[in-house]
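Dear colleague,

I am passing on a structure for you to look at, with some notes on what was found in it. Please keep it open beside this email as you read.

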Amino acid sequence: MIYNFHHFYYWLKGGVETGQAYRAKLFRRLGFEAKFVFATTFPDRNIQNEISYLGFLDSEVMWMYGFFTDCKISPVTYTLEQLEDTFEEKKYTFSRDGDTITYHFSDSGVYYKAFLTDENSDLVQRVMIVSNGCLVRKDYYTYCRNYSEYYIPVNGHAHLYLRRFFNEDGSTAYEEIAEEDRVLYKFPDQLLYSREELLGYMMKRLNLTENDVVLLDVEPGMIEKAAFIQNAMPARLGLVMHADHFWNYYDDHILWYGIYEYAFAHSDKISFFITNTDAQSNLLKEQLKKYQGVEPDIRTIPVTGLDRLRKPERSRRKHSLISAGRLAPEKRMNQAIEAVVMARREVPDVTLDIYGEGTEKEKLQELIDQLECGHYVRLCGFQKLDERYQEYEAYLSASYVETLGVTLLEAIGSGLPIVSYDMRYGAQIFIDEGENGYKVPWENVDELAKGIVRLFTEADMEAFRNHSYEKAKAWLAKEVEEKWKNLLC
């Protein structure tokens, strides 16, 4: 069995998650049996809905907090009628506003707010219970109640003190007790004193053997490294690296990124490391040999590949740009917007569509409003982009952090030229200067804007598109499959 672990910290569908979904499909094609374990924190959405949208099968997914119950990964099927059958107080009024229904129990001063899967549905994803103006409980459902959160008022705010996880029959499987910044997990037969211990307990119950492989998708917010490495044995353990691995280096020492420090210091316990590019693999090998005196097994296996090259069925929109990715500070979508606003002074019909979700969404919309560019810059949310890239003429990236750049790869696979900051790995891999795009100095919005203008006023767009298609051929799925087979077989 191959177990793939990921924190899913942002509860978003970014490059790591789409890369894992691609890996799931690839493993299916190769006939490998695999599970994808998400050690995510607690969402307001059903995990099944999120992972199915990416292309995972329900049977492939495990949720760490649900692992200790008999509840299965499932779409939401719990109905309003089922919820109403649980009401002890039968006298109530209710009102509906889109996907939210509020029940008022006048005799007790309690109201329930039920959040439905959509505005046309009667399927209940979660319920908030308020008593005398104070939040007291939240319940979360799929086909049954999966878990509940319990609150008490502290200094005028609702304070979470308990999570209770349920089995299908409604019995309690275990509890998470919260006290300030500490947690305690209470099982019928034992107590666990940290999330790290909970993870270790899960891995012990997997009964891993030397025939199993454990893959850890390492990224900020990852599950705890020490517990993970210790409890993975005797399985083969591989660390999949989705980000650059160091801050800076000097003659006698190097500053690793914190998410990799433990693994690099204990590389003897890691069976293999996986990076996205030969450039990063070679650099990591040199650095580990120089600074740690070790030569671990480091493989280059891209997080994704292209199933085919995609050609447009109709004309691309003239002077249209696409950018995609998690809406996070390091992706610098704000600078992409500013560059397009500047470029429009010379290319008056240039447009930009940004795809993705994230913490910066509200700020980006505020910037669009401030710059009064909403009629040509749009936030389009998260969408499957396989058949969207070819609608556009070019791809724009202002990101500072890419070790591959899944969206850059997808862009050239649809024949798009690219204008990007000259970041290590991503842009340097996919852009041949003056042949299928332009690389400009980091954090220089003026130069990014000039790159856009140059592309649309000077470049031979047909030649640039053909060059992107040619580069993309080296990233077709067959090559990625062979790399996994060589590693795991």
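In which loop does R332 lie? R332 lies in the loop between β20 and α8 (333-343), where helices (H or I, at least four residues) and strands (E, at least two) are DSSP runs, numbered from the N terminus. This is a predicted model, in which local features need pLDDT of at least 70 and side-chain atom pairs count only at pLDDT 80 or more, while totals for chains, interfaces and linings use all residues. Residues are numbered from 1 along each chain as its sequence is written, and side-chain values use heavy atoms, with hydrogens and water left out.

The phi of R332 is near 50°, a positive value in a residue other than glycine, and R332 counts as partly exposed because its relative accessible area is 23% (buried means under 20%, exposed over 50%, and partly exposed in between, with a 1.4 Å probe and protein chains only). E443, which is not a glycine either, has a positive phi of about 55°; E443 is placed in the loop between β25 (437-440) and α12 (445-457), and it counts as exposed because its relative accessibility is 55%.

There is also a cis peptide bond, which runs from M233 to P234 and has omega near 10°. P234 is found in the loop between α5 (225-232) and β15 (236-241).

With kind regards
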